[in-house]
Amino acid sequence: MATLAVLNCAQVVTLQGPARPRTGAELRQLAIVEDGALLARNGRIAAVGTRREIEASIPPGARVIDAGGRIVLPGFVDAHTHPVFAGNRADEFALRAEGAGYEEIAAAGGGIRSTVRKTRAATEDELWRAAARYEGWFLRNGTTTVEAKSGYGLSVEDELKMLRVIRRLNESGPLEYVPTFLGAHEVPDEYRGRPQEYVALVMEEMLPRVASEKLASYCDVFCEPRVFNVDDSRRILRRARELGFGLRVHADQLGLSQGAQLAAELGAATADHLEHTDAAGIEALHAAGVQPVLLPGSVYALGLRTYPAARAMIAAGLAIVLATDFNPGSSPTPSLPMVLSLACTQMRLSPAEAIAAATINAAYSLGRGGETGSLEAGKRADFVIHDCSDYRELACFFGIEHPWMVVTRGVTAFEREAHRGDA
Ligand SMILES: [Zn+2]
């Protein structure tokens with residue numbers, strides 16, 4: 001395979017550092033090379049350094065990209081998404097704008113259950129086509145790896161259908177997908193009033209099938225009193241752990257429900273949302289080494305006010321992660337730059353902390369920290385040339401697509417069309 005060199009970068013934001021997720025003051029250390037350059041070979045990063053160092057080692061015949069004084073970052077790693085679904089919920093968005101509450105809409109058969117009805121009715125090909133379109137959205141926003149959950153099927157065959165779509169997406173395209181089984185996302189309509197029977201279906205039929213077909217790396221549960229309480233969540237996650245899955249938990253989103261403590265008790269990789277987690281929950285996560293995945297896009301899109309206590313989590317030594325929670329209802333954005341903006345304005349992170357949370361820490365939360373999330377020799381050549389001259393602009397200018405070129409495994413996955421305003 002070809003050698004690729006990127007020269008003339010105002011900043012190469014490498015995030016080089018210890019081979020583990022970053023905490024405390026480390027979150028601000030992005031290891032930036034000014035006037036930097038990068039060399040990739042066979043889809044892997046071969047070297048990162050100053051322009052002078054890299055120029056001297058470019059072999060004849062290499063592809064050379066002039067970044068034009070822009071900046072280079074690792075591709076974003078989005079560690080919490082729901083990217084496979086049919087239809088959307090723009091109708092509910094309009095209802096919420098007029099004052100309807102999310103739980104009120106859910107109780108009337110909307111919310112997740114409405115997406116379940118549409119997703120069940122869709123074929124695997126239809127779901128693949130819809131998700132391939134969203135894949136383009138992720139890439140255009142600089143994301144090169146996503147965690148992808150099932151959870152809109154809620155029957156054995158429909159959950160398997162979703163996971164097969166994720167496998168097909170992963171095998172054929174430029175975006176890497178890390179699959180998560182989320183059969184316990186909601187109790188489906190046909191099990192209303194009989195949640196224990198649905199929990200048994202998840203544990204006794206779905207999880208073993210997903211494991212035997214090797215369709216997911218992680219298992220997640222929506223742990224909320226109205227959906228799956230702590231006891232049911234524990235039973236499902238323990239069964240998943242026995243079958244070899246890593247664990248993730250939707251916890252404390254709509255209220256304080258001991259979900260963070262459950263994630264800690266089970267040694268989960270992550271506890272996600274955490275809008276209502278208290279000091280005891282934060283301490284439990286720290287003691288167990290669980291990474292918090294914070295999803296400010298869902299707070300924003302639901303018009304809520306309570307963002308997770310990110311500063312307290314950093315002060316407690318947690319290796320925070322930022323993700324989009326991309327889904328058709330509560331967080332309809334694939335944009336990690338938008339999430340960086342929210343993290344800085346609503347949760348008081350610095351731009352540097354937010355970037356570390358959306359790259360290297362996110363990669364570690366998915367067991368991919370040795371492969372992606374920073375620009376270091378030996379890792380996959382997953383990087384983005386952003387059309388700015390300073391990394392802080394990524395969080396400052398919001399609502400635009402910063403990437404000028406996106407490269408995954410050393411191959412161009414997205415390139416912006418030229419405009420007369422370009423340098
Ligand atoms: Zn979610």
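Predicted model: local features only at pLDDT ≥ 70, side-chain atom pairs only at ≥ 80, totals over all residues.

User: What is the strand order of the open sheet of seven strands?

Analyst: The order is 3-2-1-4-13-14-15, and the pairing is mixed. Strand 3 (44-50) and strand 15 (411-415) stand at the edges with a single partner strand each, so one side of each is left without a neighbour in the sheet. From one strand to the next, the twist averages 35°.

User: How many aromatic pairs does the structure hold, and how is such a pair described?

Analyst: A pair of aromatic rings is described by the distance of the centres together with the angle of the planes. The structure holds nine aromatic pairs, among them the tilted pair of Phe85 and Phe326, with 5.8 Å centre to centre and 50° between the planes. Phe85 lies in the loop between strand 5 (76-78) and helix 2 (90-97), and Phe326 in the loop between strand 12 (321-322) and helix 13 (336-346), so the pair ties together parts that are 241 residues apart in sequence.

User: Are Phe85 and Phe326 buried or exposed?

Analyst: Both Phe85 and Phe326 are buried, and they belong to one aromatic cluster that also includes Tyr134, Trp137, Phe138 and Tyr152.

User: Which ring does the charged end of Arg248 sit over?

Analyst: The charged end of Arg248 sits over the ring of Tyr218, 4.5 Å from its centre, while Arg70 lies over the face of Trp404, at 4.0 Å from the ring centre.

Key. Residues numbered from 1 in each chain as written. Heavy atoms only, no water. Phe/Tyr/Trp six-rings, centres within 6.5 Å; stacked < 30°, edge-to-face > 60°. Helix = DSSP H or I, 4+ residues; strand = E, 2+ residues; numbered from the N terminus. Buried < 20%, exposed > 50% of the residue type's maximum accessible area, 1.4 Å probe, protein only. Lys NZ or Arg CZ within 6 Å of the ring centre and 35° of its normal. Pairing = 2+ DSSP bridges. Axes fitted to C-alpha atoms, helices over the stretch in contact; angles between N-to-C directions.
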